[in-house]
Number of protein chains: 2
Amino acid sequence: MANINESSQVRASFEGLVSPKSVAIIGASKDEKKLGFQILKNIQTGGYKGKIYPINLKEKEIAGLKAFAAIDEIGTPVDLAIIVIPAGLVTPEVKKCASVGTKNIIIISAGFNESGVAGKAREEELKKLGDEFGINILGPNCLGEINTAVSLNATFARSKGRSGEVAFISQSGAICSAVLDWAEKREVGFSKFISLGNKAVLDENDFFEYLAADKSTKLVIAYLEDIKSGRKFMAAASRLCKIKPVAILKAGQSKAGAAAAMSHTGSLAGSQEAVLAAMRRSGVIILESLEEMFNLIAFSQRQTELGSKELFVVSNAGGPLVLVADQLSSQGIDLGELSAKTIDKLKKKLPPIINVKNPLDIIGDADAKRFKLALETVLDDDKVQNLLVLLTPQTATEVEKTAEVIGQLGNKHKDKMICTSFIGEGSVEKAKEMLAKENIVNFSFPDAAIKILAKLIKYQAGREFLEPYNYQKTDDLPASDYDEQLDFFEAQALLKSYEIDVVPTRKVENEEALVELEYPAVLKVVGKKLIHKTERRAIALNLRSEKEAALFYAGFLPMLREEGNSCITQPMIEEGIEIIVGFKRDKSFGPLIMVGLGGIYAEIFKDVAIEVDDLDRRRALEMLKGLNAYKILNGARGRTYDVESLVTLLLNLAKLARERKEIKELDLNPLFVKQKGAVAVDFRIIV
Amino acid sequence: MANINESSQVRASFEGLVSPKSVAIIGASKDEKKLGFQILKNIQTGGYKGKIYPINLKEKEIAGLKAFAAIDEIGTPVDLAIIVIPAGLVTPEVKKCASVGTKNIIIISAGFNESGVAGKAREEELKKLGDEFGINILGPNCLGEINTAVSLNATFARSKGRSGEVAFISQSGAICSAVLDWAEKREVGFSKFISLGNKAVLDENDFFEYLAADKSTKLVIAYLEDIKSGRKFMAAASRLCKIKPVAILKAGQSKAGAAAAMSHTGSLAGSQEAVLAAMRRSGVIILESLEEMFNLIAFSQRQTELGSKELFVVSNAGGPLVLVADQLSSQGIDLGELSAKTIDKLKKKLPPIINVKNPLDIIGDADAKRFKLALETVLDDDKVQNLLVLLTPQTATEVEKTAEVIGQLGNKHKDKMICTSFIGEGSVEKAKEMLAKENIVNFSFPDAAIKILAKLIKYQAGREFLEPYNYQKTDDLPASDYDEQLDFFEAQALLKSYEIDVVPTRKVENEEALVELEYPAVLKVVGKKLIHKTERRAIALNLRSEKEAALFYAGFLPMLREEGNSCITQPMIEEGIEIIVGFKRDKSFGPLIMVGLGGIYAEIFKDVAIEVDDLDRRRALEMLKGLNAYKILNGARGRTYDVESLVTLLLNLAKLARERKEIKELDLNPLFVKQKGAVAVDFRIIV
């Protein structure tokens with residue numbers, strides 16, 4: 001397995017961490033209140049077949065197992081050590097593990113980065129040890145891990161973790177607890193369950209790599225609070241997403257927060273935008289709430305791959321169907337069309353009052369028999385791959401009998417996505433349990449199912465085009481705090497060398513030179529230290545005569561006396577759409593390429609698209625299509641503009657961003673996209 | 001009670017419908033499978049104290065009560081008749097009711113508007129009878145009604161309906177069933193529960209009027225599929241909202257649908273937009289999903305009025321708190337600040353590792369005692385009126401003991417809004433029940449509580465300014481299918497008479513007149529039949545000389561030969577922001593006033609605000625503030641524009657729309673809002 005972590009020593013394979021043949025619990029205890037007891041008990045009673053070594057300074061035996069005073073006294077190599085002792089005692093134990101060749105450690109203990117200066121120092125020490133000895137360290141300050149494939153529950157959670165196809169990774173222990181508690185009751189299973197803790201050594205990226213090849217995992221769900229290595233994240237997540245769906249709930253990503261960060265050019269590519277761009281680039285399913293995360297886990301218990309993009313709906317309730325139609329339309333999901341044969345069959349079988357189509361309203365007096373007639377006919381149609389059954393408990397409704405019918409059909413059509421929304425509570429409770437037993441997921445309200453469906457459909461469509469993100473450690477920028485602006489002509493030359501057109505520009509050496517200009521003309525003062533030209537009134541547009549030009553030139557004179565400033569002239573551009581293009585280098589995520597509407601409406605509409613640096617033609621065009629301004633470029637006002645040129649320019653810009661690592665920020669503002677070509681009028685390059 | 005329904009005869013008071021002293025069930029039955037049995041049983045066993053008369057052609061006695069062959073054989077007046085017989089037999093029974101002075105009828109029977117031509121004819125007949133005799137008819141095709149104040153359950157639903165402060169009104173029977181089923185299990189109560197059915201005679205507006213004065217109702221929630229009488233709706237809903245919160249889930253209102261309807265000017269004020277504008281105007285809380293509707297019902301079991309706009313949060317889980325912060329920021333809710341005294345107290349009571357602030361993270365190892373210390377201190381602070389308690393079940397968490405603490409504090413602070421989000425399932429199940437018993441509402445996820453809170457806060461803030469919408473039947477427009485454009489000068493005179501500035505315009509009678517123009521100038525051809533001036537190339541802008549003008553004038557000549565066309569000239573306006581203003585008369589909701597950004601970006605950004613016709617200065621300004629373009633008007637680019645003039649113009653336009661009922665549609669496009677004043681350059685008035 002290629003490991004994209006860069007450590008002094010190559011990190012050990014994950015097999016010993018995730019599927020160890022032997023486990024030592026350093027801090028195993030007889031005291032039922034201690035985590036060291038709970039973890040040992042969970043491992044012992046969970047069906048784990050490997051060797052278990054309790055490590056305890058005082059005890060000779062714990063829970064019927066021989067106990068050792070230290071890992072180096074066992075006398076045989078141990079694959080995985082789990083450390084549950086006070087923080088201050090952890091480092092020596094890690095060293096002992098290293099000395100006996102134990103390359104996998106889970107540190108449950110808290111008292112590290114999250115608790116003061118001493119804790120931070122301890123965590124630094126852990127990182128060093130991890131790197132020095134190439135040890136996989138999970139945690140510290142975590143709940144542990146579960147691998148149902150080998151019946152290993154190496155957590156102190158009360159619930160045991162059922163077997164399933166979803167791998168769950170979480171940076172919050174509190175959320176781990178909540179998910180396990182919910183899953184226990186719902187009979188929801190996991191392939192792997194990983195509590196990342198403080199991520200001192202291992203982080204989400206390492207597990208993404210591992211899970212790509214893990215056959216027992218069909219879907220990966222992660223809750224993350226920070227993504228520290230943005231480019232590594234894109235590399236690992238994009239490779240994983242190409243193989244199986246990955247859904248991430250990233251806390252701290254509120255739209256309001258992102259919008260606030262996204263002000264004009266300057267802070268446009270704030271870190272929230274960077275995280276979103278990186279998730280989009282990697283093909284990740286972006287989750288928006290805890291509820292949606294739980295819903296996806298539930299949804300995926302039946303299926304993680306959809307057979308088609310269309311949804312079919314059968315319901316005994318008209319009102320909720322109207323709401324479903326609203327929701328489908330807002331989520332962009334199509335209602336499929338039943339085949340002519342199916343329609344014929346349904347017309348013969350169902351009461352004539354029923355309007356046979358998708359969605360199919362079999363009306364309020366539908367009993368279980370009518371549900372059966374409708375559902376089995378619909379499910380026999382090959383076009384029907386995704387089916388949602390809506391039910392509200394009305395007088396004639398046979399709730400449980402209907403659930404039984406759905407369960408049977410669910411088993412018959414195991415390859416089809418079938419979910420239900422039985423709306424209500426008391427009358428539908430038992431039915432929900434019956435459905436769960438038959439692996440049919442019920443949603444309290446249909447919206448939740450539709451949202452998840454929309455995200456899976458989008459994921460599957462995007463996967464086709466998904467390319468892995470390539471990352472080398474050398475792509476990262478050495479930190480430099482000093483910002484400087486490139487000289488105008490230097491910048492212009494650089495842009496030209498990347499085939500980015502700049503409007504013809506000449507120096508104006510003195511007032512006499514104004515005679516030679518072609519009017520209407522533009523005069524500007526440029527200089528390394530002159531960053532805000534508009535505010536400094538260093539721009540004069542649309543000058544119609546030498547007389548007007550002379551007036552402004554005179555006004556420029558004080559500025560021109562400042563060191564490094566000079567006066568330039570350009571022709572006035574009167575054709576085209578004003579666009580802003582640029583990039584900003586994020587230390588973690590690399591250059592973020594930006595394109596948006598320019599001109600006076602730029603700030604108020606923030607019509608902007610952001611992408612990461614390995615742009616290709618398809619994605620560059622997608623960026624443009626995501627803009628409202630695209631409609632204008634594409635002819636909404638009767639004239640079309642040179643979109644192809646703009647796409648090429650974006651690709652050239654991305655190339656420049658990748659190759660010229662010393663450039664922190666670059667803006668072309670404005671860039672005029674014309675009916676033929678695109679030309680930059682002003683620009684700013686910060687190194 | 002003033003009744004805004006216009007019928008031939010004044011409709012009877014609602015008392016007899018909602019709190020009848022006697023009830024006849026026409027179609028009462030001994031057969032347990034029949035609705036006539038279930039309704040009788042529900043009334044009999046629900047605790048209703050009034051007289052009950054079963055009506056059945058064959059039986060002498062039903063359920064221990066003397067039965068009658070018809071209502072006119074009872075021999076004494078009956079307040080309310082409930083009809084549950086086949087549709088074809090209903091009309092004669094309604095007539096009998098009228099003959100004995102029964103003024104209130106609930107028609108449960110289906111088989112009317114929803115079922116073919118015969119059904120439609122039957123419903124028309126019902127409407128006529130309702131009007132002729134001034135009878136309140138609820139239904140047909142409905143579930144019935146519940147009034148817990150008099151223990152009357154006149155529905156065939158299985159659940160009995162608990163007493164509470166929420167009135168629920170629904171146009172969908174399936175949703176009635178689902179709500180009752182859910183409420184039964186959750187021990188959620190209602191003051192009134194109304195199934196509107198087909199709304200042949202009574203609709204939501206009648207109940208809104210009634211509920212305004214109903215002291216047992218503190219909150220009204222309605223599910224609606226159509227709003228047929230828009231202006232009556234606004235009149236009834238705005239009056240009710242001034243008194244108590246009203247929340248409406250309007251099916252068929254997807255954002256996607258609304259967006260599609262909202263294309264440039266033409267269909268800008270489509271009916272979805274009209275419904276939204278009407279709900280906003282009325283101060284209604286707009287619900288977006290069934291789930292949100294259920295959540296609001298749950299939320300309001302504790303409180304329907306909030307003591308402040310700020311939220312306080314106490315949690316044992318850090319991860320969910322990050323998500324809560326995201327959510328609060330996106331919903332625009334402020335986290336309040338604890339008083340200095342409270343902070344001091346908390347610092348003394350809580351472990352030093354805890355960072356005392358709002359939101360308060362009492363960290364993962366918090367037991368019930370720590371929850372108690374934190375919560376009682378926080379709740380003693382007068383600033384804390386709204387409190388959300390978050391919990392995930394972790395190792396040290398005492399879930400049920402914590403629920404007990406919250407329940408006790410909830411009882412002590414009955415006037416404060418306290419809700420919880422215990423995230424998980426198995427471990428928190430019992431705690432949720434305990435909380436519900438103490439009237440603390442638990443949400444599976446905090447987002448739901450925050451969304452509801454945000455809507456109630458917004459409602460309360462808006463209520464202060466809410467004015468009733470005045471509606472007279474005469475405001476409605478007589479239908480006219482023929483559309484005609486007003487002549488330019490006629491239109492100009494009309495606008496001027498409403499103090500709407502139009503750019504100085506003169507007729508150009510012939511080519512010779514071009515000499516007298518001041519250049520740069522504009523030339524246009526106008527005429528009653530010339531609606532699309534741009535497409536017809538009937539506009540020449542920015543003409544700089546007589547020569548240029550003559551060229552275009554020559555091009556206009558063929559158009560000028562068409563009947564009714566003439567050439568006009570205007571000065572070229574070069575200053576100001578291009579805005580579009582107008583109105584479109586909706587047959588149900590009246591004139592919808594529109595203002596939005598004009599110019600080339602109008603179509604792509606759809607930066608538009610819509611209001612109904614009784615605009616005042618405050619709301620006109622709110623419209624503008626809702627636009628992105630407002631930032632520019634208000635100085636985002638360094639120059640401020642005359643917002644006051646634009647507000648005045650909107651008010652004048654609304655006055656014109658109200659007074660000139662023959663005008664179907666009016667656009668000022670473009671209108672230039674200048675640094676001083678606002679002037680219309682082109683316009684179109686359709687009568």
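These legends walk through several close-up views of a predicted model.

**View 1. The face of chain A that meets chain B.** Let's start where the two chains come together: 60 residues of chain A are in contact with 60 residues of chain B. On the chain A side, the elements that give two or more residues are helix 5 (173-186), helix 8 (255-261), helix 10 (290-299), helix 11 (318-331), helix 19 (602-605) and helix 21 (629-633). Helix 5 of chain A gives the most to this side, with ten residues. Sorted by class, the side of chain A that touches chain B has 24 nonpolar, 23 polar and 13 charged residues.

**View 2. Helix 11 of chain A.** Here we zoom in on one of the helices that give residues to the side of chain A touching chain B. Eleven of the 14 residues of helix 11 of chain A are buried, so the helix is largely enclosed by the rest of the structure. Among the buried residues are A:Gly318, A:Gly319 and A:Pro320. The buried set also includes A:Asp326, A:Gln327 and A:Ser330. If you like to check helix geometry, the 14 residues of helix 11 of chain A should span 20 Å at 1.5 Å a residue, and its end C-alpha atoms are 20 Å apart, which agrees.

**View 3. A parallel sheet in chain A.** Five strands of chain A form this open sheet, in the order 2-1-5-6-7, and the pairing is parallel. At its edges are strand 2 (51-55) and strand 7 (136-138) of chain A, each of which pairs on one side only. From one strand to the next, the twist averages 15°. Look within the sheet for strand 1 (residues 22-26) and strand 5 (residues 80-83) of chain A, which pair in the parallel sense over four bridges. In that pairing, A:Ile26 stands opposite A:Ile83 of strand 5 of chain A. Helix 2 (residues 35-45) of chain A lies across strand 1, strand 2 and strand 5 of chain A, and runs at about 165° to strand 1 of chain A.

**View 4. An antiparallel sheet in chain B.** Now over to chain B, where four strands form an open sheet in the order 21-24-22-23 with antiparallel pairing. Strand 21 and strand 23 (539-543) of chain B stand at the edges with a single partner strand each, so one side of each is left without a neighbour in the sheet. Neighbouring strands of this sheet are turned by 30° against each other on average, direction ignored. Helix 18 (residues 546-560) of chain B packs on the sheet and touches strand 22, strand 23 and strand 24 of chain B. The direction of helix 18 makes about 5° with that of strand 22 of chain B.

**View 5. The partners of strand 24 of chain B.** A closer look at strand 24 (residues 566-571) of chain B shows three bridges joining it to strand 21 (residues 506-508) of chain B, the two running antiparallel. Within strand 24 of chain B, B:Thr569 is the bridge partner of B:Arg506, and B:Cys567 stands opposite B:Val508. Strand 22 (residues 521-526) of chain B also pairs with strand 24 of chain B in the antiparallel sense, over six bridges. There, B:Val525 has B:Cys567 as its bridge partner.

**View 6. The domains of chain A.** To finish, chain A is divided into domain 1 (1-143), domain 2 (310-444), domain 3 (504-571) and domain 4 (577-686). Taken over C-alpha atoms, 72 Å separate the centres of domain 2 and domain 3 of chain A.

Definitions and conventions:
Residues numbered from 1 in each chain as written. Chains lettered and ligands numbered in written order. Predicted model: local features only at pLDDT ≥ 70, side-chain atom pairs only at ≥ 80, totals over all residues. Contact = placed C-beta atoms within 7 Å. Nonpolar A, V, L, I, M, F, W, Y, C, P; charged D, E, K, R; others polar. Pairing = 2+ DSSP bridges. Axes fitted to C-alpha atoms, helices over the stretch in contact; angles between N-to-C directions. Domains from an automatic or database assignment. Expected span 1.5 Å × (residues − 1). Buried ≥ 20, exposed ≤ 12 C-beta atoms within 10 Å, placed from the backbone.
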